[in-house]
Amino acid sequence: MTSILNLENMDWGKKITIAYSSFVVFMVGLVYLCIQQKDIFLVTPDYYKEELAYQEKIDAMNNVAALSTDVNVDYTKQGLLVKFPEEVLGSKGQATLYRPSNAGKDIHLPFQLTQNTVLPISTAKLDKGLWVLKLNWEQDNKQYYLEQKLTL
């Protein structure tokens, strides 16, 4: 049986040329596919500024860990229910639903915990898939930050 590429009778120079040419064609194909993508988003427009302020975020996460009870996030048919500890009553902040695959779908919701420690967040208009819930709040000049991945 004969084939187009008879590797047994081919010298090593032709084999190297075929292997190198195959690699080049593969790489050119990958570059072409990457150039054709239209939905490439930066994680955040102020990446470097946020990276420099990361120690503040670490301190805020440590403040959350020091609370008497955990912040619970429950996913129900109505949406998300974020339950804060009683000690953060009176605080205000912002809940962000971050969509890693498309920054244009991020949702920012300001909140204030004046009478209730439960924050309802509707998920009716959200796409299915991975979301990251980011909670920033402040109470008595003390910053708090919590981040939790969700699959809707």
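**Group meeting talk: strands, rings and charges**

At 30% relative accessibility, D127 counts as partly exposed; buried means under 20% relative accessible area, exposed over 50%, and partly exposed in between, with a 1.4 Å probe and protein chains only.

First, the ground rules. This is a predicted model, in which local features need pLDDT of at least 70 and side-chain atom pairs count only at pLDDT 80 or more, while totals for chains, interfaces and linings use all residues. Residues are numbered from 1 along each chain as its sequence is written, and side-chain values use heavy atoms, with hydrogens and water left out.

Now the charges. Side chains of opposite charge can pair when their charged atoms come close. How many salt bridges does the structure hold? There are two, where a salt bridge is a side-chain nitrogen of Lys or Arg within 4 Å of a carboxyl oxygen of Asp or Glu. K105 forms one with D127, and the closest N and O atoms are 2.2 Å apart. This pair links distant parts of the chain: K105 is in the loop between β3 and β4 (107–112), D127 is in the loop between β5 and β6, and 22 residues separate them. Strands here are DSSP runs of E, at least two residues long, numbered from the N terminus. K105 is partly exposed, at 35% relative accessibility.

A salt bridge also joins the side chains of K83 and D74, at 3.1 Å from N to O. K83 is partly exposed with a relative accessible area of 35%, and D74 is partly exposed with 30%.

Next, the strands. An open sheet of three strands has the order β1-β2-β5, with antiparallel pairing; two strands pair if DSSP finds at least two bridges between them.

Elsewhere, strand β3 (residues 92–98) runs antiparallel to strand β6 (residues 130–139), and seven bridges join them. K92 stands opposite E138 in β6. β6 also pairs with strand β7 (residues 142–151), antiparallel, over ten bridges. The hairpin of β6 and β7 has two residues between the strands, and D140 in this hairpin takes a positive phi near 55°. W137 stands opposite Y144 in β7.

W137 brings us to the rings. A search of the whole structure finds three aromatic pairs. For a pair, ring centres of Phe, Tyr or Trp (its six-membered ring) lie within 6.5 Å; planes under 30 degrees apart count as stacked, over 60 as edge-to-face and the rest as tilted. The rings of F84 and W137 have centres 5.0 Å apart and planes at 80°, so this pair is edge-to-face. F84 lies in the loop between β2 and β3 and W137 in strand β6, 53 residues apart. Are these two residues buried or exposed? F84 is buried at 5% relative accessibility, and W137 is buried at 1%. F84, F111, W137 and Y144 form one aromatic cluster.

Conventions:
Helix = DSSP H or I, 4+ residues; strand = E, 2+ residues; numbered from the N terminus.
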